[in-house]
Amino acid sequence: MSSNKDTVSSLMPAGPKLRGNYQISGNSAVLETPSVLATRHATDLMIDIAGKEPQIEKGKNNEFYIPLAEEEFLKTVPALSEKGFILTSLFCVQDLEGKPGFTLFYIFRMNSSTDVFAFMRHVRKETTSIATVFPSACWYEREIRDGFGIEFTDAFDKRRLFLHEAYPEGFHPLLKSFKNRKIQTVESPEEAYPFKQLEGDGVYQIPVGPVHAGIIEPGHFRFSVIGEPIFNLEIRLFYKHRGIEKLAEGKSPSACIPIAEAISGDETVSNAVAFCTAVEKIAGIEIPERANYLRAILLELERIYSHMGDLSGMITDIGFPRMTTPFLILRENIFRQNEFLTGSRFMRGTIDIGGVKKEISGESLSKLDLYLKIFVPQFESAITAVYTSSSLIDRFSTTGVLKKKLIAPLNLTGPIARAAGATYDVRLDHPYCIYKDMPPERAIKMAGDVLSRFEVKAAEVLNSASLIKKLIASILEGAIISETTEFSISNIPDGYALSMVEAARGQNLHWVYVRSGLIDRYKVRTASFCNWQAIEHAVLGNIVPDFPLINKSFNLSYAGTDL
């Protein structure tokens with residue numbers, strides 16, 4: 001690791017002229033005047049900084065793009081931090097719209113607002129880091145450095161991220177000049193990965209992984225402990241980089257649906273819906289109402305089986321197998337419902353651009369409705385049994401506390417954030433599918449410990465079951481795919497769009513750029529990419545034997561992070 005103070009000096013302070021009429025904080029504060037649009041706020045912000053009306057372009061999916069000159073950008077970053085903007089993604093695009101070079105997209109959302117802003121910065125092979133202002137930018141910048149070879153000269157962490165030591169120097173697989181092929185790896189790297197070194201009386205390290213017992217994917221966890229309590233945890237992932245984004249390059253939008261489904265096996269529907277939504281926005285395709293209902297039903301089924309796995313896993317990890325059994329049985333029954341409805345336990349091959357590929361008959365939906373009438377009381381009984389065990393509750397309570405103050409700086413989302421007092425849910429705050437008309441209930445806890453995560457996920461299972469029943473009761477007959485899909489895809493214009501979904505783990509973000517009818521750039525950032533970094537904080541002060549429980553309560557995706 002290296003450090004450099006140049007970043008602080010290169011990022012100019014926001015200055016006292018920032019208008020304070022619309023107070024936005026990092027917590028639950030809201031706009032002083034609720035009717036004031038976020039775009040107005042962003043416009044005023046940019047006028048204060050640059051002294052002129054900014055060029056704001058509304059995107060295909062109601063996101064806003066703001067290109068900035070370098071000086072404006074360096075002034076803007078501290079102002080965004082001061083005003084409580086949350087960095088939700090950062091990615092690079094080469095030769096955007098035929099313009100040579102690299103464009104960095106800094107995606108921000110305003111706290112307590114539904115609007116999303118993409119600040120665009122054109123750079124060459126070297127540029128400056130914003131990680132001292134937005135710490136969550138660190139992983140993104142390292143990812144861009146690996147993928148495109150862009151150096152963030154004053155970054156405080158210049159280590160590789162997804163390119164491990166076996167990859168050769170100068171290898172940057174997201175450059176346009178690189179073609180997918182077998183590469184010559186480095187057999188004996190000269191330098192090992194420089195993990196953080198903590199020294200002191202009684203401090204020792206426990207390395208775990210990357211190969212683990214069981215069938216989970218690889219990840220390395222380096223604990224620094226003093227006695228039993230964890231003093232520091234450093235996570236290293238990205239052991240199986242698959243080149244998902246590069247794989248999409250040059251393919252037709254339809255050919256990329258299986259790629260989106262493969263991002264993370266248990267987020268098949270979420271990622272397929274996110275990808276298809278972005279393409280549909282570019283192509284101007286309107287989804288039939290029945291297809292929107294069906295998508296929402298499948299999305300909620302995906303949430304149910306994902307949470308059921310987490311609930312049973314948490315109980316298993318502290319040695320209560322008898323209480324685990326009901327959750328496993330119910331989860332298996334949900335998988336069978338998935339297979340009955342779609343032909344796939346993970347509902348693969350169901351989502352399509354323009355709607356869904358497979359009709360789900362009214363009779364099949366009625367059977368699902370009947371099953372949920374059995375499922376709900378059995379699930380509630382299983383939850384009641386958990387709450388009767390004081391020793392189980394004792395293990396869950398106060399274990400692995402995630403502090404609320406970390407949520408905005410790290411852009412933590414999903415149940416782990418809602419278990420620590422956050423309210424954000426893409427389905428409600430940036431609705432898609434049918435969620436604007438059929439919003440789910442929010443489930444929020446405040447303690448941020450394992451027990452809170454268990455309670456939030458249990459509540460979300462019931463909320464999803466309730467929502468599915470409502471969707472089935474109100475779904476209309478009609479087309480399941482837009483009649484204009486084939487024509488629209490054949491004549492899809494050049495352009496890009498950003499879409500977001502609330503997967504079981506939280507906010508997944510997909511940005512798709514189509515050029516000459518083919519995918520020119522596909523960027524995915526799942527909730528796991530951000531949420532993994534929260535575990536390093538949640539374990540502090542806990543003992544190592546509690547790590548599996550804490551880790552399971554987060555249930556993050558290795559594959560969904562290591563694209």
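Visitor: How many residues apart are glutamate 363 and lysine 367 in helix α10?
Guide: They are 4 residues apart, about one helical turn, in helix α10 (residues 362–387). Helices (H or I, at least four residues) and strands (E, at least two) are DSSP runs, numbered from the N terminus.

Visitor: What should I know about the model and its numbering?
Guide: The model is predicted: local features need pLDDT of at least 70, side-chain atom pairs count only at pLDDT 80 or more, and totals for chains, interfaces and linings use all residues. Residues are numbered from 1 along each chain as its sequence is written, and side-chain values use heavy atoms, with hydrogens and water left out.

Visitor: Back to that pair. What does glutamate 363 form with lysine 367?
Guide: A salt bridge, with 3.9 Å between the closest N and O atoms. The term needs a side-chain nitrogen of Lys or Arg within 4 Å of a carboxyl oxygen of Asp or Glu.

Visitor: Is glutamate 363 buried or exposed?
Guide: Exposed, at 55% relative accessible area. Lysine 367 is partly exposed at 40%. The cut-offs: buried is under 20%, exposed is over 50%, and partly exposed lies in between (1.4 Å probe, protein chains only).

Visitor: How many salt bridges does the structure hold?
Guide: It holds 34. One network links Glu300, Arg303, Arg418, Asp425, Arg427, Glu460 and Glu502.

Visitor: Which residue does aspartate 157 pair with in a salt bridge?
Guide: Arginine 159, at 2.9 Å between the closest N and O atoms. Both residues are buried.

Visitor: And what about glutamate 280 and arginine 295? How do their side chains meet?
Guide: In a salt bridge, 2.7 Å from N to O. The pair links distant parts of the chain: glutamate 280 is in helix α7 (residues 268–283), arginine 295 is in helix α8 (residues 289–316), and they are 15 residues apart. Glutamate 280 is buried at 3% relative accessible area, and arginine 295 is buried at 1%.

Visitor: At what angle do α7 and α8 pack?
Guide: About 145°, with their axes 8 Å apart. Axes are lines fitted to C-alpha atoms, for helices over the stretch in contact, and angles run from 0 to 180 degrees between N-to-C directions.

Visitor: Which residues in α7 meet α8?
Guide: Among them are Val269, Val273, Cys276 and Glu280, and the α8 residues include Arg295, Leu298 and Leu299. Contact means heavy atoms within 4.5 Å.

Visitor: New topic. In what order do the strands of the open sheet run?
Guide: The order is β1-β2-β5-β4-β3, 5 strands with mixed pairing. Two strands pair if DSSP finds at least two bridges between them. β1 (57–58) and β3 (85–94) stand at the edges with a single partner strand each, so one side of each has no neighbour in the sheet.

Visitor: How many bridges join β2 to β5?
Guide: 5 bridges join β2 (residues 64–68) to β5 (residues 116–123), and the strands run parallel. Phenylalanine 64 stands opposite phenylalanine 117 in β5.

Visitor: Which strands does helix α3 lie across?
Guide: Helix α3 (residues 70–82) lies across β2, β3, β4 (102–110) and β5, at about 145° to β5. Helix α4 (residues 137–148) also packs on the sheet, touching β3 and β4, and its direction makes about 5° with that of β3.

Visitor: In what sense do β14 and β15 pair?
Guide: Antiparallel, over 7 bridges, with β14 spanning residues 506–515. Histidine 510 has valine 524 in β15 as its bridge partner. The hairpin has 2 residues between the strands, and serine 516 takes a positive phi near 55°. In β15 (residues 518–525), 7 of the 8 residues are buried.
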